[in-house]
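I opened this entry to look up strand pairing. The notes are in the order I took them.

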Amino acid sequence: QVQLVESGGGLVQAGGSLRLSCAASGRTDRIYAMGWFRQAPGKEREFVTTISWSSGSTVYADSVKGRFTISRDNAKNTVYLQMSSLKPEDTAVYYCAVRYPFRPNYDYWGQGTQVTVSS
């Protein structure tokens, strides 16, 4: 199993920046990819971005492309989400998640961190 702890959320004005962190512990040797998802009030959880743990290749949702950057520090078992040019519609609880090899879905999830963007 993997345990995930997110940090770095908060309140920011539109146009501002925030950096989220997600530290993994436990069976980190089996991590295939880590991702960020978000859930706004009254909406379903949506994919934001993911990064391959081995190659570092990334995928972004269209809504955040060019504004958000995912990165990883394998030595620290930590993934980061740098968010810039934030918009009020980015307001949500942000979750990080881990995917193991040969699994279609993300298996482990953090507790979430609130990001609020004021207009």
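Below are my notes on strands and sheets.

I worked from a predicted model, where local features need pLDDT of at least 70, side-chain atom pairs count only at pLDDT 80 or more, and totals for chains, interfaces and linings use all residues. Residues are numbered from 1 along each chain as its sequence is written, and side-chain values use heavy atoms, with hydrogens and water left out.

**Strand 11**

I took helices (H or I, at least four residues) and strands (E, at least two) as DSSP runs, numbered from the N terminus. Strand 11 covers residues 113-118. I looked up its two faces. Thr113, Val115 and Val117 make up the covered face. Gln114, Thr116 and Ser118 lie on the uncovered one.

Next I checked its partners; two strands pair if DSSP finds at least two bridges between them. Strand 2 (residues 10-13) pairs with strand 11 in the parallel sense, over 4 bridges. I found Gln13 opposite Ser118 there. Strand 9 (residues 92-99) runs antiparallel to strand 11, with 3 bridges joining them. Val115 of strand 11 is the bridge partner of Ala92.

I then traced an open sheet of 4 strands, in the order 1-3-8-7, with antiparallel pairing. Strand 1 (2-7) and strand 7 (68-73) each have a single partner strand, so one side of each is left without a neighbour in the sheet. Neighbouring strands here are turned by 15° against each other on average, direction ignored. For such angles, axes are lines fitted to C-alpha atoms (for helices over the stretch in contact), and angles run from 0 to 180 degrees between N-to-C directions.

Last, I looked at strand 7 with strand 8 (residues 78-83): antiparallel, 6 bridges. Tyr80 in strand 8 is the bridge partner of Ser71.

How values were computed: Buried < 20%, exposed > 50% of the residue type's maximum accessible area, 1.4 Å probe, protein only.
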